[in-house]
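This report describes selected local features of one structure. Please look over the sequence and the structure shown here before reading on.

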Amino acid sequence: MQYRLFGRTKIQVSEIGHGTWTMGSRWGARDDRTAIDSLVASIDLGVNFIDTAFVYGHGHSEGLIASALKLRPKKEIFIATKVPPKNHQWPAQHAVPVEESFTKKHIIEYTEKSLKNLRRDFIDLQQLHVWNDTWLGHGDFLEGIEKLKQEGKIRFFGVSLNDHQPNSALQIVASGLIDSVQVIYNIFDQTPETKLFPVCQKHNVAVIARVPFDEGSLTGTLTPQTIFHPKDWRKTYFTPERLPEVCQKVNKLTFLVRDEIKTLSQAALKFCLSHPQVSLVIPGMKKINHVKENCAASDGKILTGEELEKIKTHAWNRNFYN
Ligand SMILES: NC(=O)c1ccc[n+]([C@@H]2O[C@H](COP(=O)([O-])OP(=O)(O)OC[C@H]3O[C@@H](n4cnc5c(N)ncnc54)[C@H](OP(=O)(O)O)[C@@H]3O)[C@@H](O)[C@H]2O)c1
């Protein structure tokens, strides 16, 4: 496992972080034992950053992390969680005032809940689970962050951006108020490269690249016949009408599998890590074999310039979340 500096925090984080939405909720049948084992496997392979959120099963994913950390008590693991918006509205809408999403009281209340679920005295990174630059300079939410920092309950503060809207946080990045942004960045959605990454570089804000596999397609394991578990939200993302086109686009990426890059999943992770502005990538993982395969992608070798040039032609501008 290789490590990178997490923006201005002076903390070294593993290039592969553990995304935990898939073990929390809405991804089909739960298997908590395997999920905990996958977290422990990650830690044993050098992962020191785990991303979670209160809404991943109403604290369920946070509780699984607490159980895994109990099995590795000596390891220093950087935990990032998220406060849900008060109105539970994803994505954040422009016309909605910040008071409907985040207030001082709400941020403190949810941080306390997450601390309890995680069974910790502090959270390394507290993130707002949605963001909208029109909120900057309004409301009292920053007072909540300040108070929590003063009390030692959170160390750093960041925002997680709306799906496929990397330019919705340029102002808060430039404001110097945040330590990190979390953004969709993968072979299909390369848009953060244009404006977000340069502004993050200028202000030394860490970039957490999320959804590296486009919710699974970029692992190369889906087929036009894939049927999702009835409780897997992706049945409305990769609908039977969309799957043939998705698979057709993914099949054109097989040129990336070569030598030490054994699978498309590893190539998809290396794509994210090939951008110098990316601090780490956080694949969702609840299976040990996925953990092993993904951690092996952090071997210090990035994609070649030729491969990266070719990947540019595979960007795909679409939003299946709507
Ligand atoms: N708004 C937000 O802030 C937001 C939104 C989305 C995601 N996130 C964060 O970002 C993380 C990553 O995004 P995501 O989990 O939605 O999507 P993702 O990482 O693009 O894809 C996750 C899917 O890929 C599978 N997978 C992982 N490694 C694999 C491998 N080597 N081979 C085959 N399949 C593999 C996972 O399976 P298993 O889980 O079964 O191992 C899961 O089905 C989340 O877990 C969460 O922490 C944040």
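A residue counts as buried if 20 or more other C-beta atoms lie within 10 Å of its own, as exposed if 12 or fewer do, and as partly exposed in between. The model discussed here is a predicted one.

By that rule, the buried residues of helix 10 are Val291, Asn294 and Cys295. Viewed down the axis of helix 10, these buried residues fall within an arc of 95°, so they line one face of the helix. They pack against helix 2 (32-44) and helix 9 (264-273).

## The shell around the ligand

Helix 10 (288-295) also takes part in the shell around the ligand; this helix and helix 1 (21-24) each supply at least two residues. The most comes from helix 10, which gives three residues.

There are 28 residues around the ligand, and those that come nearest are Gly19, Thr22, Ser160, Phe213 and Gly284. By class, the shell divides into seven nonpolar, 13 polar and eight charged residues.

## Packing of helix 4 and helix 5

Helix 4 (residues 104-118) packs with helix 5 (residues 141-150) at an angle of about 40°, and the two axes are 7 Å apart. Helix 4 is therefore oblique to helix 5, given that angles under 35 degrees would count as roughly parallel and those from 65 to 115 as roughly perpendicular.

On the helix 4 side, the contact is made by Lys104, Ile107, Ile108 and Thr111. Helix 5 contributes Phe141, Glu143, Gly144, Ile145, Lys147 and Leu148. The residues of this contact divide into five nonpolar, two polar and three charged.

## Two loop residues

Val205 sits in the loop between helix 7 (196-203) and strand 9 (206-210). It has 28 C-beta neighbours inside 10 Å and therefore counts as buried. Apart from neighbours within four places in sequence, Val205 is in contact with Gly7, Val173, Ile178, Asp179, Ser180, Val181 and Cys200. Between Val205 and Ser168 there are 37 residues of sequence separation, and the C-alpha to C-alpha distance is 15 Å.

Gln93 belongs to the loop between strand 5 (78-83) and helix 4. Is Gln93 buried or partly exposed? Gln93 counts as partly exposed, because it has 14 C-beta neighbours inside 10 Å. Gln93 and Asp232 are 139 residues apart in sequence, with 25 Å between their C-alpha atoms.

Notes:
Residues are numbered from 1 along each chain as its sequence is written. This is a predicted model: local features need pLDDT of at least 70, side-chain atom pairs count only at pLDDT 80 or more; totals for chains, interfaces and linings use all residues. Axes are lines fitted to C-alpha atoms, for helices over the stretch in contact, and angles run from 0 to 180 degrees between N-to-C directions. Helices (H or I, at least four residues) and strands (E, at least two) are DSSP runs, numbered from the N terminus. Angles under 35 degrees count as roughly parallel, over 145 as roughly antiparallel, 65 to 115 as roughly perpendicular and the rest as oblique. Two residues are in contact if their C-beta atoms, placed from the backbone, lie within 7 Å. Ala, Val, Leu, Ile, Met, Phe, Trp, Tyr, Cys and Pro count as nonpolar, Asp, Glu, Lys and Arg as charged, and the others, Gly among them, as polar. A residue is near a molecule or strand if its C-beta atom, placed from the backbone, lies within 6 Å of it. The arc is that of the directions from the helix axis to the C-beta atoms.
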